[in-house]
Amino acid sequence: MRKLFLTSLLLCMNFLVFAGIVEVRSPVLKFSIIDTLDDIYTANVVAPETWAEYYRTADGIAAEYYDYLLSSYRSFSEDMKADLATVFENVNSWKLMDIVKYLPDNASLERINRRVSSIMNFYPMKAAFALRRLLPAFYEQSFRDFFEKNAPVFEQIALELTQLAKEMEDPFSFIQKTSGIELGDYDCIFYFAFQRVGASGFRTETKRISTIQSGVNTIQLLYRTPFHEYSHEFFQTFTLDRDFEILAEKMKADKAFYDFWDSRQYLKSNYSWRAFLEENAVEGFAKFVAFKFYGAEDPYFYQVYHYDVEFYNYLRDIDFDPGKITLKQATYDFCEKRFGE
């Protein structure tokens with residue numbers, strides 16, 4: 001009896017030591033200012049019609065945010081507009097946000113600007129100088145007021161969701177179980193963003209980070225985006241291989257799929273063709289993971305890309321089980337089936 005008690009205690013201790021915590025946080029300046037500048041560029045220059053449609057039915061803070069994206073750009077001087085274009089024509093916003101991920105959440109604008117400006121070898125010099133000018137100009141002109149007014153709105157819901165998540169398995173662990181790919185245990189940190197669409201994921205030695213959309217207000221929505229952002233790491237155990245590049249080249253023969261990517265500049269600026277094939281598979285898998293986790297289809301289920309829903313249905317049809325088929329093989333089988341058609 002004593003041995004059984006000690007075994008149970010050790011199991012509990014292992015769970016406490018290795019199971020990742022989940023914490024939801026309000027928007028932070030280090031991510032939000034870069035994310036918002038990117039959204040301003042996309043909503044006004046790269047894909048204004050698409051962003052207008054995304055926000056057509058928005059209300060509350062999402063509607064206010066979209067209005068802010070438009071009014072901010074109108075208020076930019078010609079020099080600021082030129083700097084904005086220089087930055088995001090040369091640097092993906094994810095790279096900039098990844099650079100500041102190690103800064104404390106209360107990092108000042110000066111510290112953020114110093115950080116992104118000090119690593120100019122990661123991106124073109126002209127973009128670095130443009131960003132160095134643009135960040136303080138944008139912050140002083142309007143973003144400080146917008147951020148200080150709206151970031152506190154998320155504090156209470158962040159606390160509530162953090163408490164609710166304590167009763168649930170963390171998303172990274174659940175993806176490991178569902179995928180059959182073991183990558184370790186990490187704390188899961190979610191940062192609210194102001195936008196209605198889009199998100200970014202980051203990795204540190206001890207954490208897996210995901211931004212989440214402003215409309216996340218229930219536990220049923222909480223893991224929806226992190227399931228996607230975190231799943232990239234699992235797919236990249238095989239999508240960075242030469243074999244996957246060859247598969248991606250074959251998939252170009254699927255004209256409807258290729259044109260979906262090729263005709264949308266905002267997609268091409270964020271994803272190479274290989275990365276977009278991964279993105280479709282990740283989104284379909286994330287839908288499947290959410291279905292397995294919640295035991296029901298997402299009430300907000302919708303098609304995001306070209307093949308994400310079809311891949312989700314495929315995984316359900318084959319009753320995907322990593323004990324019977326690897327995630328890599330299931331992905332290849334699906335893609336080759338599509339290519340064969």
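β3 and strand β4 (residues 207-212) run antiparallel and pair over three bridges. Two strands count as paired if DSSP finds at least two bridges between them. F202 has I209 in β4 as its bridge partner. Helices (H or I, at least four residues) and strands (E, at least two) are DSSP runs, numbered from the N terminus.

This is a predicted model, in which local features need pLDDT of at least 70, side-chain atom pairs count only at pLDDT 80 or more, and totals for chains, interfaces and linings use all residues. Residues are numbered from 1 along each chain as its sequence is written, and side-chain values use heavy atoms, with hydrogens and water left out.

**The sheet**

β3 and β4 belong to an open sheet of four strands, in the order β1-β2-β4-β3, with mixed pairing. Its edge strands, β1 (22-25) and β3 (201-203), each pair on one side only. Direction ignored, neighbouring strands of this sheet are turned by 20° against each other on average. The axes used for such angles are lines fitted to C-alpha atoms, for helices over the stretch in contact; angles run from 0 to 180 degrees between N-to-C directions.

The pairings are listed here.

| Strand pair | Sense | Bridges |
|---|---|---|
| β1 and β2 | parallel | four bridges |
| β2 and β4 | parallel | six bridges |
| β3 and β4 | antiparallel | three bridges |

V22 stands opposite C188 in β2. E23 stands opposite I189 in β2. Y191 has T211 in β4 as its bridge partner.

Strand β2 (residues 187-192) is mostly covered, with five of its six residues buried. Buried means under 20% relative accessible area, exposed over 50%, and partly exposed in between (1.4 Å probe, protein chains only).

**Helices α2 and α4**

Helix α2 (residues 29-46) packs on helix α4 (residues 60-75) at an angle of about 75°, with the axes 9 Å apart. α2 and α4 are therefore roughly perpendicular to each other. On this scale, angles under 35 degrees are roughly parallel, over 145 roughly antiparallel, 65 to 115 roughly perpendicular, and the rest oblique.

Which residues of α2 and α4 meet? From α2 come D35, T36, D39, I40, A43, N44 and V45; from α4 come Y65, Y66, Y68, L69, L70, S72 and Y73. The contact of α2 with α4 divides into nine nonpolar, three polar and two charged residues. Contact means heavy atoms within 4.5 Å. Ala, Val, Leu, Ile, Met, Phe, Trp, Tyr, Cys and Pro count as nonpolar; Asp, Glu, Lys and Arg count as charged; the others, Gly among them, count as polar.

Helix α16 (residues 273-294) has 22 residues. From its first C-alpha to its last, α16 reaches 32 Å, close to the 32 Å expected at 1.5 Å a residue. The expected span is 1.5 Å times one less than the number of residues. α16 is mostly covered, with 18 of its 22 residues buried. Just after α16, G295 takes a positive phi of about 75°.

Helix α13 (residues 242-251) packs on α16 at about 90°, with the axes 9 Å apart. α13 and α16 are therefore roughly perpendicular to each other. F244, E245, L247, A248, E249 and M251 in α13 meet W273, R274, L277 and E278 in α16. This contact of α13 with α16 divides into six nonpolar, no polar and four charged residues.

**Two buried positions**

K287 lies in helix α16. Is K287 buried or exposed? At 11% relative accessibility, K287 counts as buried. Leaving aside neighbours within four places in sequence, K287 is in contact with F301, Y302, V304, D308, V309 and Y312. K287 and Y41 are 246 residues apart along the chain, and their C-alpha atoms are separated by 29 Å.

A130 lies in helix α8 (residues 125-150). A130 has 0% relative accessibility and so counts as buried. Not counting residues up to four places away in sequence, A130 touches D83, T86 and V87. A130 and T86 are 44 residues apart in sequence and 6.6 Å apart in space, C-alpha to C-alpha.
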